[in-house]
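Dear colleague,

I am handing over the structure below, and after it you will find a description of what was found in it. Please keep the model open while you read, so that you can follow each part on the screen.

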Amino acid sequence: MPRKDHKGKVSGQLPYISDVKVENMVYGVLYRSTIAYGRIKSIQLPDLPEGYEAVGAEEIPGPNYVKIIKEDQPIFANEWVNYIGEPILMLVGADLNILYDLLEKVKIDIEEHQAIYTLEEAIKQKSAPGVTMASYEFGEILDTITSIELKAHQIIEEEYDTGYQEHVYLEPQGMLAIYKDDEIVVQGSMQCLYYIKNALINALACGDDDVRVVQSPTGGGFGGKEEFPSMMACHVAVAAKAVKKSVMLVFDRSEDMVVTTKRHPAKLRYRTALDRKGNILSMSVDLFLDAGANEGLSSVVLQRALLNSAGVYKIPHFHAKGYVLKTHTVPNGAFRGFGAPQSFAGIESHMCHLSNTANIDPLEYKRKYLVKQGDPTITKGNFRDPILMEEMIKDLLNTSNYKKKKTEFQQDNQQNQRYKKGIGTSLFLHGCGFTGSGERDHIKAKVKLVKSKDDQVSLKISNSDMGQGIFTTLSKIVAKELDLPYEEILFPYPDTKEVPDSGPTVASRTTMIVGKLLERAAKKLKSQWQTGVEQEVVENYVHREMIPWNEKTFTGDAYPAYSWGVNIVEVEVDTLTGNVKLEKVYANYDVGKVIDDRVMKGQIDGGLAQGLAYGYLEKMTSKEGKIQQKSISDYGPPTSLDVVSIESKIFDNPYADGPYGAKGAGELTLIGGAPAVQAAIEDALQTPFQQIPVTPEVIIDSLWMKEGEEG
Amino acid sequence: MITFTLNGRKVETDAPPTARLLDVIRDDYELIGTKEGCGEGECGACSVFVNNLLQNSCLIPIGSIEGAEIITIEGIMESEQFKILDESYSHAGGVQCGYCIPGMVMASAALLSQNPHPSEAEIREGISGNLCRCTGYNMIVDAVSLAAKKGDGLWQKK
């Protein structure tokens, strides 16, 4: 059966936001700070032609911040600027070319202050006021760890760095505010309708009925359209209110790359005590995230990063501490995996290096520490469901012929001076849904099914299909429960006037949480079904009782369920150029139960392509507060020539509170890519790396160093 | 005035010669199937045929196409070849967010009309100018491969 949205997409006739034109519509362009940190002293506007207006902080009816978590992100900066690219005002008018000309003529006097440009600087200054935005600490008490370390055979310390990652959703961000006398309708590319609606109610200081949010077809999200669109929505809505016209704001690629959120760069410090045989006695992790200029969702990203800091391992005497630190750079935010990819890259790398010290094959070493059903989590929660990792590893070892290849590659590499082959593994998990009690206390998801007189059933939920395929999977669930043909189930693009708040489209929660609610709603509708009668059913989230999560002490069950994965990657490294060529990729996953095979394969292949590229291909840097990669060609996401076909398999492991047993799948598939590719490069070169991406430059540098040491 | 053929129809535009073909197609003729992804010829979302050759319309000034034959996704939508591609993309699961897809379909059609039986490597090469961030390309490669089989005989040059 075809995807629900196939026809409109394959023909290009489904209108994304940049394809939309409405009556009385003008464009907006943003004047942005060129200074990383400073105080605004004066703003001088050029003479604006008839029909052109400027909109800034003074035009905001409500408080001047984008409602996310903290109140630290201005809609239009009017006192301090905190990063290059921060919006100060918007020019509005009919012709974009005229607007761009006018933008050049805006003069703003900013008194510049000493900025913090890098995570290293922020770490040095983390005790200074305002630099540490959030921090958490948990695990074994440090005195105990110190006494263990005193008796240890050796202590291994490593520092590991991960870089930015840019989403590069193919459709740049875009938002339109449609001006009406009695309401503002905000329409655009987005993942979280009610995040935007709440931000608008705050910014416009208006009532619940005065704003409405409608999702347009969304050309990819990956987290990039989680919290960032709230700011754009405030811009266009404030402007529409001010000029009494509909206002469209669409970024071109370079603006999108320079000013939108990215994956947090991170620094991870490991300190591990080993006995004589290389067994782990204790481990401490310090984790630093570069938040950029505003806190945004960074504290929540840090939580997930910390919760994954021990990977899939039961480490004796584990301690972790993490910081969200402010720099005067573009704010970082949600990106598929949400802190977990940094942690898994770090811990997998560290475990691999520990295995070298112990002189044991990395995979064998890691398997000794694998968590098992019934084991406690690092936050004193419990892995209460069956864990299939051993089964999945054994299967993948066979499929990939790992052991044979490992030996063969090493022999071949001795013969071949230039091209070196390597094979690497990664083991990983993903906690499904919001952290801790978020679903129960903050989200409180509600879903609705509406049946019309002619017995057509529509899904009324606030979740976005941004390409991941929920139109298809969730419709299938409802169709199955109601015994109706899938084609007859309606799932229109959500509109807050029509749909209850079923929560944001994030955290691998949609299929598991919203899907389960829809399954229950459909069952209820079926039991009440009256042919030819309009009917409506509503279902509310019910929390599975676990070990209660305590955010202050960082203890309890952080997630209701976990999805799991194993990746094996083969590469060939050209030691002359440092280029890495993917040769083979194998992947096994446990996502509970698959609802749609094609949709799942789409998540596996797409997620892995992003995750692998995060490990060796995609590099973004910031210099004195400026993002250096302003175009797709500068940044280099994978093309069809970089990716190879992926051999993947799913292991059924139904979860009681997911629809038909389904757990989260969207983020899991990204997480294992980078650590597996790093491990494969290390295997090829027999050199450890302490960072991703392992780019050709990094490889060549390390080869020079190695030669220097040996020579 | 610049005169050219757009999807088989003779048209005239008074757009300045430096205007991008992409904007003229989208704004003046309201053909929305040609998308803008990067504006620098890197992503292929704006792919069209110019005199039967696959081109990025964001890089083409309208002044350079006097007398040329331009075909957009709308211009091939009714063809048998498109029908095969449509079915193949659907069957193989090649569509996710959809933003790259019209361009990808144009690139697929261009490839198959040059090479009706491409190998996997040739398909990867043929669509390498078109970025997709959702699929990791493999299901698109499968779609093109399937279209080659299903549409055997259809792809030869007109």
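**A covered helix in chain A**

Among the elements that cover the buried residues of helix H8 of chain A are strand S7 (132-139), strand S13 (266-274), strand S14 (280-292), strand S15 (318-326), helix H9 (340-358) and strand S16 (419-432), which belong to chain A as well. Helix H8 itself spans residues 298-307 of chain A, and because nine of its ten residues are buried, it is largely enclosed by the rest of the structure. If you wish to find these buried residues one by one, they are A:Ser298, A:Val300, A:Val301, A:Leu302, A:Gln303, A:Arg304, A:Ala305, A:Leu306 and A:Leu307.

Before you go further, please bear in mind that this is a predicted model. Its scores are ipTM 0.98 and pTM 0.98, and chain B has an average pLDDT of 97, with 99% of its residues scoring at least 70.

**Strand pairs in chain A**

Strand S13, one of the elements covering H8(A), is also joined to strand S8 (residues 154-162) of chain A by nine bridges, and these two strands run antiparallel. To locate this pairing, look for A:Gln154, which stands opposite A:Leu274 in S13(A). S8(A) also has two bridges to strand S25 (residues 691-692) of chain A, but here the strands run parallel, with A:Asp161 standing opposite A:Gln691 in S25(A).

Elsewhere in chain A, strand S17 (residues 446-451) and strand S18 (residues 457-460) run antiparallel and are joined by four bridges, and A:Leu449 stands opposite A:Leu459 in S18(A). These two strands form a hairpin with five residues between them, and in the turn A:Asp455 has a positive phi of about 65°.

**The sheet and domains of chain B**

Chain B contains an open sheet of five strands, which follow the order S2-S1-S5-S3-S4 with mixed pairing. Its edge strands, each of which pairs on one side only, are S2 (9-13) and S4 (53-56) of chain B, and the twist from one strand to the next averages 40°. Strand S1 (residues 2-6) of chain B is joined to S2(B) by five bridges, the two running antiparallel, and B:Ile2 stands opposite B:Thr13 in S2(B). Helix H4 of chain B lies across S3 and S4 of that chain, and it runs at about 40° to S3(B).

Chain B is divided into domain 1 (2-76) and domain 2 (80-150), and the centres of these two domains of chain B, taken over C-alpha atoms, are separated by 21 Å. Where they meet, 14 residues of domain 1 of chain B are in contact with 14 residues of domain 2 of chain B. On the side of domain 1 of chain B that touches domain 2, the elements giving two or more residues are strand S3 (47-50) and helix H2 (73-76) of chain B, and the largest share, three residues, comes from S3(B). By class, this side of domain 1 of chain B has eight nonpolar, five polar and one charged residues.

**Where the two chains meet**

How many residues of chain B are in contact with chain A? There are 40 of them, and they are in contact with 45 residues of chain A. Helix H3 (80-92), helix H4 (101-114), helix H5 (120-126) and helix H6 (138-150) of chain B each supply at least two residues of the side that touches chain A. By class, that side of chain B has 21 nonpolar, eleven polar and eight charged residues.

With best wishes

Definitions and conventions. Residues are numbered from 1 along each chain as its sequence is written. Chains are lettered from A and ligands numbered from 1 in the order in which they are written. This is a predicted model: local features need pLDDT of at least 70, side-chain atom pairs count only at pLDDT 80 or more; totals for chains, interfaces and linings use all residues. Two residues are in contact if their C-beta atoms, placed from the backbone, lie within 7 Å. Ala, Val, Leu, Ile, Met, Phe, Trp, Tyr, Cys and Pro count as nonpolar, Asp, Glu, Lys and Arg as charged, and the others, Gly among them, as polar. Domain bounds come from an automatic or database domain assignment. Two strands pair if DSSP finds at least two bridges between them. Axes are lines fitted to C-alpha atoms, for helices over the stretch in contact, and angles run from 0 to 180 degrees between N-to-C directions. pLDDT is the predictor's confidence in each residue, from 0 to 100. A residue is buried if 20 or more other C-beta atoms lie within 10 Å of its own, exposed if 12 or fewer, and partly exposed in between; C-beta atoms are placed from the backbone.
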